[in-house]
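This briefing is meant to be read beside the sequence and the coordinates. It takes up the core first, then helix packing, and then the backbone geometry of a few loop residues.

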Amino acid sequence: MRLDAHQHYWSIERGDYGWITPELPVLYRDFLPGDLAPALKKHELDGSIVVQAAPTLAETDFLLKLSENEPSVKGVVAWLDLADPDCRLHYERFEKHPKLVGFRVMIQEMEDANAVLEPAFVEALTYFAGKGTPVDLLLTSDQLEPAAELIAKVPGLHAVIDHIAKPNIRDRVLEPWKSQLSRIAAHPNIYCKLSGMVTEADHRSWRPDDFKAYIRHALDAFGPRRVMFGSDWPVCLLAASYDEVVNVLEEALPDGWTAGDRDRLYGLNAKEFYRI
């Protein structure tokens with residue numbers, strides 16, 4: 001199975017995508033399965049993992065409903081607020097749907113990322129770790145330290161770091177992102193998505209070489225069995241086409257990578273991680 005492990009669909013009229021405004025005209029329209037189909041076909045991808053794009057339970061319901069008549073949607077990653085005392089009940093409701101594959105924790109949106117170390121948050125995540133629930137972690141590179149501490153506190157967590165933790169590619173900053181990502185990668189149940197990188201570079205003047213050091217480090221740290229290709233489409237369109245996103249990754253892959261390694265990167269790891 002070949003998969004895009006990270007992309008989004010949305011319908012603007014639903015009204016809960018607060019970050020998608022008319023000031024972002026590239027994104028301020030509906031993006032639905034028919035729009036992605038040509039790219040999936042061109043790159044011989046069997047389907048995708050659709051990840052929440054709005055911080056609401058209603059958006060997860062929308063995505064699950066959308067998935068019911070769309071065979072290319074292999075799984076939906078829900079939104080869940082672990083600070084909500086009812087978060088377990090909400091997840092249990094979502095979990096009844098056959099295409100629900102996990103949920104995402106939006107550390108990126110927290111005013112203080114250290115909130116993830118509070119006992120109630122750790123307790124909630126420990127509960128889901130005990131169930132083996134796949135968890136996406138959305139964070140920025142300056143939030144890696146509390147994220148690393150959180151992962152150490154929940155050693156059984158089955159999680160994936162979205163967008164290689166959004167390093168400062170625009171200014172070519174590698175440390176402390178590099179060291180902190182290695183610290184997280186030392187936990188064998190943590191994976192990494194090679195996604196969302198073009199939007200962390202200069203949107204107008206990036207070059208493929210800008211990403212090589214970041215991609216190579218993520219590959220070295222996590223190894224070929226814990227990395228996943230993700231387009232972050234349509235958000236990537238702010239800086240690059242789908243084809244360009246694929247090309248950036250292709251140009252950075254080590255010469256020694258085997259056909260089997262590539263199969264894992266382009267689908268098998270995501271299939272195993274999300275238990276599809």
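Which residues have the most contacts inside the largest nonpolar core? In this predicted model, they are Leu82, Phe103 and Leu137, and the core to which they belong has 87 residues.

**Nonpolar cores**

- Leu137, when residues up to four places away in sequence are left out of the count, touches Val105, Ile107, Ile151, Leu157, Ala159, Val160, Ile161 and Asp162.

**Helix 5 and its surroundings**

- Helix 5, which runs over residues 144-153, has Leu144, Pro146, Ala147, Ala148, Leu150 and Ile151 as its buried residues, and Ile151 is also among the residues that Leu137 touches.
- The elements against which the buried residues of helix 5 pack are helix 4 (119-131), strand 5 (135-138), helix 6 and strand 7 (190-194).

**Helix 7 against helix 8**

- Helix 7 (residues 209-222) and helix 8 (residues 242-252) pack with their axes 9 Å apart and at an angle of about 65 degrees, which makes helix 7 roughly perpendicular to helix 8.
- The crossing in which helix 7 passes helix 8 is right-handed.
- Helix 7 contributes Phe211, Lys212, Ile215 and Arg216 to the contact, while helix 8 contributes Val248, Leu249, Glu251 and Ala252; sorted by class, the residues of this contact are five nonpolar and three charged, with no polar ones.

**Helix 8 against helix 9**

- Helix 8 also packs with helix 9 (residues 259-273), here at an angle of about 150 degrees and with the axes 13 Å apart, so that helix 8 is roughly antiparallel to helix 9.
- This crossing of helix 8 and helix 9 is likewise right-handed.
- On the helix 8 side the contact involves Val246, Leu249 and Glu250, which meet Arg262, Leu265 and Tyr266 in helix 9; these residues divide into four nonpolar and two charged, with no polar ones.
- Leu249 of helix 8 takes part in the contact with helix 7 and also in the one with helix 9.

**Loop between strand 6 and helix 6**

- Pro176 lies in the loop between strand 6 (159-161) and helix 6 (177-185), and the peptide bond that joins Glu175 to Pro176 is cis, with omega about 5 degrees.
- Lys166 lies in the loop between strand 6 and helix 6 as well, and its phi is positive, near 50 degrees, although Lys166 is a residue other than glycine.
- Is Lys166 buried or exposed? With a relative accessibility of 17%, Lys166 counts as buried, because the cut-off for a buried residue is under 20%.

**Loop between strand 8 and helix 8**

- Pro234 lies in the loop between strand 8 (227-229) and helix 8, and a cis peptide bond, with omega near 0 degrees, leads from Trp233 to Pro234.
- Asp232 lies in the loop between strand 8 and helix 8 too, and Asp232, which is not a glycine, has a positive phi of about 55 degrees.
- The relative accessible area of Asp232 is 5%, and Asp232 is therefore buried.

Key
Residues numbered from 1 in each chain as written. Predicted model: local features only at pLDDT ≥ 70, side-chain atom pairs only at ≥ 80, totals over all residues. Heavy atoms only, no water. Axes fitted to C-alpha atoms, helices over the stretch in contact; angles between N-to-C directions. Helix = DSSP H or I, 4+ residues; strand = E, 2+ residues; numbered from the N terminus. Parallel < 35°, antiparallel > 145°, perpendicular 65-115°, else oblique. Left-handed = near helix turned anticlockwise from the far one by under 90°. Contact = heavy atoms within 4.5 Å. Nonpolar A, V, L, I, M, F, W, Y, C, P; charged D, E, K, R; others polar. Core = buried A, V, L, I, M, F, W, Y, C linked by side-chain atoms within 4.5 Å. Buried < 20%, exposed > 50% of the residue type's maximum accessible area, 1.4 Å probe, protein only.
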